[in-house]
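Hi everyone, thanks for coming. I'd like to walk you through one structure today, starting with the overall picture and then moving on to some side chains.

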Amino acid sequence: MAEINRTSIPAPRIEEMAASRITGIDRHYRGGDMSGIPAQWGELGAHGDVPGKKGNAHYGICCGLKGEGMHYLCGVEIAAGSKLPFPGWEEVNLPASKYAVFEYQGSAADLHQTIHAIWDNWLPHSGLTFAGEHGLFFEKYGPDFDAATGTGRIEIWIPVI
């Protein structure tokens, strides 16, 4: 593990991912205040089972990192061609791409430190180029993540070329 920006992160694995359709609750955050994200996840969880859901992962889609703030969609993957499961839900189509995948183990409250280390230090020295349209990258929460405590394994997927 290398020391990067005072946050230790393991080297990523590089993985090809097929296109995916993610649907969920989208919110816009300005000025770096993302304190509403935990409530956003709570709102997602209150829906219970999601019709058309594929797999058991949950996603946090980050988009639009510069200028007017950031959109954050918390959601799940659904099958191509299926309808949005609930009124007011949005969707993001993740493109098929090559991704640098960083594993993070710890509290979701501290995840931003690792994300900053990836952008500020790993990416500029990686020899790779960010390939995310509109600043899009995502977090993937698997079945071992405990939403009640906000801890467990989280993957950060950065599209690269």
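Let's start with burial: of the 161 residues in the chain, 41% count as buried. Please keep in mind that this is a predicted model.

How many helices and strands are there in the chain? We have two helices and 10 strands. If you read along from the N terminus, the elements run β-β-β-β-α-β-β-β-β-α-β-β. The radius of gyration is 15 Å, close to the 15 Å that the globule rule gives for 161 residues, so the chain is as compact as a globular protein of that length. As for dimensions, the C-alpha trace spans about 45 × 35 × 30 Å along its principal axes. And here is a number on contacts: taking those between residues at least 6 apart in sequence, 74% join residues at least 24 apart.

Eight strands form an open sheet with antiparallel pairing, and their order is 3-8-10-9-5-6-4-7. Which strands stand at the edges? Those are strand 3, residues 13–17, and strand 7, residues 90–94. Each has a single partner strand, so one side of each is left without a neighbour in the sheet. From one strand to the next, the twist averages 35°.

Let me zoom in on one pairing. Strand 5, residues 58–63, and strand 6, residues 70–78, run antiparallel and are joined by five bridges. Within this part of the sheet, Cys62 stands opposite Tyr72 of strand 6.

What does helix 2 touch when it packs on the sheet? Helix 2 contacts strand 8 (97–107), strand 9 and strand 10 (151–159). The direction of helix 2 makes about 30° with that of strand 10.

While we are at strand 9, have a look at Phe137, which lies in that strand. Is Phe137 buried or exposed? Its relative accessibility is 2%, and the cut-off for buried is under 20%, so Phe137 counts as buried. The C-alpha atoms of Phe137 and Val101 are separated by 10 Å, and these two residues are 36 apart along the chain.

On to charges. Side chains of opposite charge can pair when their charged atoms come close. This structure holds eight salt bridges.

I'd like you to find Arg13. Arg13 forms a salt bridge with Glu103, and the closest N and O atoms are 3.2 Å apart. Arg13 lies in strand 3 and Glu103 in strand 8, so this pair ties together parts that are 90 residues apart in sequence. Both ends are partly exposed: Arg13 has a relative accessible area of 30%, and Glu103 has 39%.

Arg13 also meets Glu155 in a salt bridge, at 3.0 Å from N to O. Here the link runs from Glu155 in strand 10 to Arg13 in strand 3, 142 residues apart. Glu155 is buried, with a relative accessible area of 8%.

These residues belong to a wider set. Arg13, Glu15, Glu103, Asp144, Arg153 and Glu155 are linked in a network of salt bridges.

Another salt bridge joins the side chains of Glu43 and Arg27, at 2.6 Å from N to O. Glu43 counts as partly exposed at 35% relative accessibility, and Arg27 counts as partly exposed at 33%.

Last topic: the rings. A pair of aromatic rings is described by the distance of the centres and the angle of the planes. With ring centres required to lie within 6.5 Å, the count comes to 11 aromatic pairs. Why is the pair of Trp119 and Phe130 edge-to-face? The centres of these rings are 4.8 Å apart and the planes stand at 80°, and over 60 counts as edge-to-face, so that is the label for this pair. Trp119 is in helix 2, residues 111–125, while Phe130 is in the loop between helix 2 and strand 9 (137–141), 11 residues apart. Phe130 counts as partly exposed, at 23% relative accessibility.

There is also an aromatic cluster to point out, formed by Trp41, Tyr72, Tyr141 and Phe145.

Notes. Residues are numbered from 1 along each chain as its sequence is written. This is a predicted model: local features need pLDDT of at least 70, side-chain atom pairs count only at pLDDT 80 or more; totals for chains, interfaces and linings use all residues. Side-chain values use heavy atoms; hydrogens and water are left out. Rings of Phe, Tyr and Trp (its six-membered ring) pair if their centres lie within 6.5 Å; planes under 30 degrees apart count as stacked, over 60 as edge-to-face and the rest as tilted. Helices (H or I, at least four residues) and strands (E, at least two) are DSSP runs, numbered from the N terminus. Buried means under 20% relative accessible area, exposed over 50%, partly exposed in between (1.4 Å probe, protein chains only). Two strands pair if DSSP finds at least two bridges between them. Axes are lines fitted to C-alpha atoms, for helices over the stretch in contact, and angles run from 0 to 180 degrees between N-to-C directions. Contact means heavy atoms within 4.5 Å. A salt bridge is a side-chain nitrogen of Lys or Arg within 4 Å of a carboxyl oxygen of Asp or Glu. The radius of gyration is taken over C-alpha atoms; the globule rule is 2.2 Å times the number of residues to the power 0.38.
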